[in-house]
Amino acid sequence: MLSKKQDARHQIEFVSIDQLVPKDHLLRKIERVIDFSFIYDLVKDKYSEDHGRPSIDPVVLIKILFIQYLFGIPSIRRTIAEIKTNVAYRWFLGYGLTEEIPHFSTFSQNYIRRFKGTDIFEKIFTKILEEAIKHGLVNAEEVFIDSTHVKASANKKKYTKEIVEQEARTYQEKLEEEINKDREAHGKKPLKKIKKIKTKEVKVSKTDPDSGMLNKNGKEKCFAYSFHTACDKNGFVLGVKVTAANVHDSVMFEEVLEEVEKRVGKPKAIAVDAGYKNPYILKTIFDREIIPAVPYTRPKTKDGFMKKHEFVYDEYYDCYICPQNEILTYVTTNREGYREYKSNPEKCKNCPLREKCTQSKDYTKRIFRHIWEGYVEEAEHLRHTPYCKEVYERRKETIERVFADLKEKHGLRWTTLRGKEKLSMQAMLVFAAMNLKKMATWLWRRGKSPLGTLNFYPLFGVLKKILSRYIQLLLSELGKQELKFCFVNKLS
């Protein structure tokens with residue numbers, strides 16, 4: 001039977017806004033796990049108690065930004081438009097169905113007048129992380145550190161070329177001290193300090209001078225920022241630093257690690273990609289008594305030539321031994337911290353492997369070894385252990401997933417803000433929103449489960465390790481006995 005729907009658009013009904021929001025809505029889960037009133041204490045010195053017009057509630061201002069970043073809305077103007085028509089958003093802010101929503105320019109004016117130059121957003125991030133730690137959701141035994149690029153709001157064709165002073169390495173003084181000690185140990189004179197200032201040419205955006213030109217293989221050249229980030233094994237973000245995209249990942253490693261240690265303590269292991277696999281970073285990790293989990297990196301030797309690992313280093317006599325059992329002796333330690341070892345040209349001249357060894361006209365093979373090379377070799381040995389393999393394998397499930405969610409679900413593939421300070425604020429709030437979403441979802445599941453499933457997650461991990469160990473032993477024994485076997489699953 002054909003029926004026609006009656007038009008109820010102008011029908012008056014008595015209903016509360018709370019009835020219209022689904023019981024399992026994300027914003028309900030968030031309201032259940034955190035009390036946003038802590039924001040009042042953070043901003044109380046930014047407002048006058050008895051002068052001026054009544055302000056917009058600061059909790060409402062921050063909640064508006066959380067709505068934008070939780071649901072990946074591209075701009076604050078669009079966020080306000082969405083709030084006007086979305087009942088759940090109004091409920092989260094504490095607004096009625098007909099109550100007027102603040103203008104989209106309100107937050108930008110509050111940022112200029114009150115929030116600029118403060119650490120309020122970092123404190124909000126820290127508070128939410130502390131709540132997750134209190135609920136036992138953060139497991140910082142293993143930490144994963146990496147960076148991702150976020151496109152800046154700047155035209156890549158509008159820039160000026162400038163000659164700027166090249167920044168000295170943060171560990172330059174320490175390196176020079178170690179170099180001179182090494183030279184003295186080998187009977188060499190210490191190197192004199194050079195006062196020459198190194199310069200380089202950079203492209204500076206006319207639109208956003210704080211951003212940097214991203215010039216990476218396989219990626220489009222553009223002005224961008226780098227978000228240097230650390231997370232735990234459960235995907236909770238522990239710290240973030242924002243820089244221009246032309247700042248190398250390794251430069252910010254120590255600062256990010258210090259943030260992690262300040263918030264959650266020293267981890268047992270750190271997983272990093274090949275960009276962080278350099279002598280100083282690995283020395284820093286070992287000096288802090290942390291286990292590094294690093295990847296395999298291909299030798300940079302030309303094809304057809306012998307690799308460096310084919311030459312054996314003798315630590316006792318401080319020399320290299322080539323495949324023909326000839327010795328490469330120490331010559332000097334240069335300003336970059338590399339020891340130079342040279343072969344005897346008289347012996348190399350008629351060597352049958354010379355064509356694969358060196359193309360030098362003086363028939364001399366040279367090998368360079370950093371004074372902190374031992375830390376790299378130790379990390380390379382640890383790379384083959386089951387524990388380090390397991391930790392590094394989890395990178396794709398942790399830090400890589402954090403970056404994927406950041407760009408795909410939380411609207412930060414590019415930014416509409418300009419300036420490093422604003423980007424730092426945005427990074428703190430976006431990652432705070434991601435931590436809050438994860439915490440709210442996990443605690444909601446725990447509350448719905450009569451057994452509290454999350455409490456058993458550590459036990460599941462232990463059982464998995466025990467079972468995998470015995471299964472590997474079983475497989476090896478079956479392999480020795482050359483037995484064929486199969487597993488049959490019976491479906492009921």
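Buried here means under 20% relative accessible area. Keep that cut-off in hand for this tour of a predicted model.

**Stop 1: helix α1**

Select residues 26-33, which form helix α1. How many of its eight residues are buried? Six are, so the helix is largely enclosed by the rest of the structure. Now colour the buried ones: Leu26, Leu27, Arg28, Lys29, Ile30 and Val33. Arg28 and Lys29 are on that buried list.

**Stop 2: Phe125**

Move to helix α7, residues 120-134, and pick Phe125. Is Phe125 buried or exposed? Its relative accessible area is 0%, so Phe125 is buried. Next, show what surrounds the residue. Setting aside neighbours within four places in sequence, Phe125 is in contact with Val237, Leu238, Gly239, Arg263, Met428, Phe431, Ala432 and Asn435.

**Stop 3: Thr364**

Go to the loop between α12 (354-357) and β13 (366-370), and select Thr364. Then bring up Asp362. Its backbone oxygen lies 3.1 Å from a polar atom of the Thr364 side chain. Finish with the contacts from elsewhere in the sequence. Which residues touch Thr364, leaving aside neighbours within four places? Select Lys342, Ser343, Pro345 and Thr358: each is in contact with Thr364.

Notes: Residues are numbered from 1 along each chain as its sequence is written. This is a predicted model: local features need pLDDT of at least 70, side-chain atom pairs count only at pLDDT 80 or more; totals for chains, interfaces and linings use all residues. Side-chain values use heavy atoms; hydrogens and water are left out. Helices (H or I, at least four residues) and strands (E, at least two) are DSSP runs, numbered from the N terminus. Buried means under 20% relative accessible area, exposed over 50%, partly exposed in between (1.4 Å probe, protein chains only). Contact means heavy atoms within 4.5 Å. A polar contact is a pair of N or O atoms within 3.5 Å; within protein, one must be able to donate a hydrogen and the other to accept it, and residues adjacent in sequence count only if both atoms are side-chain atoms.
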